[in-house]
Amino acid sequence: MNKRFLLRFDLGVLLLTALVTVMSVNTVSAQSLWKEETSKPMVADKKARAVGDIVTILIQESNTTSKEQGTQTAKKSGVDASIASFLYGPAASGLLTKGGKYPAMKFSSSTDFDGGGKISNSEKITARISVRVIEVMPNGNLMLEGTRQTSFSGESQEAILRGVVRTEDVAANNTVYSYQLADATIKFISKGTLSDSQKKGWFNRVWDKVSPF
């Protein structure tokens, strides 16, 4: 009896120990520091995918616009009218005559217009800007925003970039080309003496608005 009792007692202790072990594992798992939405695997690419992450934008913009327009018009008009005879003729009656002749009218006009214009515009921008993820949209797309300021010899330049990118468009080296951004806004604002000298004065700008020529 004692052996059977001891055997049952040992079996009960083992079951109790196994139960405590399982409960301990479950408790540890529930309080794990791993967060699926923010934690990153150690062997995965370090790509931006959460708010606050930084991603590098490779700006490669090349725009070319060309427009040519020509207009040619010509208009000629003329009038040659005279009265040859009215009722009895100038010899028989002086009605409507002066100096024995009826009134006459003759004139001609000619107008020519030849106009044309050609516009050719070419712009190329190459730069790199690191921006932050400011929002993760419900469909997983990342909203990006960032600025960069540089200053040299009194000339300053500020670059502003905003846009939305798909997470799958972020390359393994955590870069994105600017043409992959949706709703992209790319601005380069220059300030300084050299930049100001390239702008028209306020009077010239007003004159260009009101001048009819």
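Predicted model: local features only at pLDDT ≥ 70, side-chain atom pairs only at ≥ 80, totals over all residues.

Q: Where does Asn174 lie, and is Asn174 buried or exposed?
A: Asn174 lies in the loop between β4 and β5, strands being DSSP runs of E with at least two residues and helices runs of H or I with at least four, both numbered from the N terminus. At 13% relative accessibility Asn174 counts as buried, on a scale where buried means under 20% relative accessible area, exposed over 50% and partly exposed in between, computed with a 1.4 Å probe on protein chains only.

Q: And what lies 2.9 Å from a polar atom of the Asn174 side chain?
A: That is the backbone nitrogen of Ala48.

Q: Thr56 was in your list, so which strand is Thr56 in, and which side chain does Thr56 join in a polar contact?
A: Thr56 is found in strand β1, and the Thr56 side chain makes a polar contact of 3.3 Å with the side chain of Ser130. A polar contact here is a pair of N or O atoms within 3.5 Å; within protein, one must be able to donate a hydrogen and the other to accept it, and residues adjacent in sequence count only if both atoms are side-chain atoms. Thr56 counts as buried, at 17% relative accessibility, and beyond four places in sequence the contacts of Thr56 include Arg128, Ile129, Thr175 and Val176.

Q: Zooming out, what order do the strands of the sheet take?
A: The sheet is open and has six strands in the order β5-β1-β2-β3-β4-β6, with mixed pairing, where two strands pair if DSSP finds at least two bridges between them. Because β5 (175–177) and β6 (182–191) stand at the edges with a single partner strand each, one side of each is left without a neighbour in the sheet.

Q: How many bridges join β1 to β2?
A: There are 29 bridges between β1 (residues 54–82) and β2 (residues 104–136), and the two strands run antiparallel. Among the bridge partners in β2 are Phe113 for Thr73 and Ser122 for Thr64.

Q: What about β2 and β3, how many bridges there?
A: β2 and β3 pair over four bridges, in the antiparallel sense, and one of the pairs is Arg132 with Glu145 in β3. The hairpin of β2 and β3 has five residues between the strands, and Gly140 takes a positive phi near 95° in this hairpin.

Q: How many residues are in the largest nonpolar core?
A: The largest nonpolar core has 15 residues, and those with the most contacts inside it include Val55, Ile57, Val131 and Leu144; such a core is a set of buried Ala, Val, Leu, Ile, Met, Phe, Trp, Tyr and Cys residues joined through side-chain atoms within 4.5 Å. At least two residues of this core come from each of β1, β2, β3 (142–152) and β4 (155–165). Ile57 is in contact with residues beyond four places in sequence that include Leu161, Val176 and Leu181.

Q: Last topic: how many aromatic pairs does a search of the whole structure find?
A: The search finds one, formed by Tyr177 and Tyr179, which are stacked at 5.3 Å centre to centre with 10° between the planes. Rings of Phe, Tyr and Trp (its six-membered ring) pair if their centres lie within 6.5 Å, and planes under 30 degrees apart count as stacked, over 60 as edge-to-face and the rest as tilted. Tyr177 is partly exposed at 31%, whereas Tyr179 counts as exposed at 56% relative accessibility.

Conventions: Residues numbered from 1 in each chain as written. Heavy atoms only, no water. Contact = heavy atoms within 4.5 Å.
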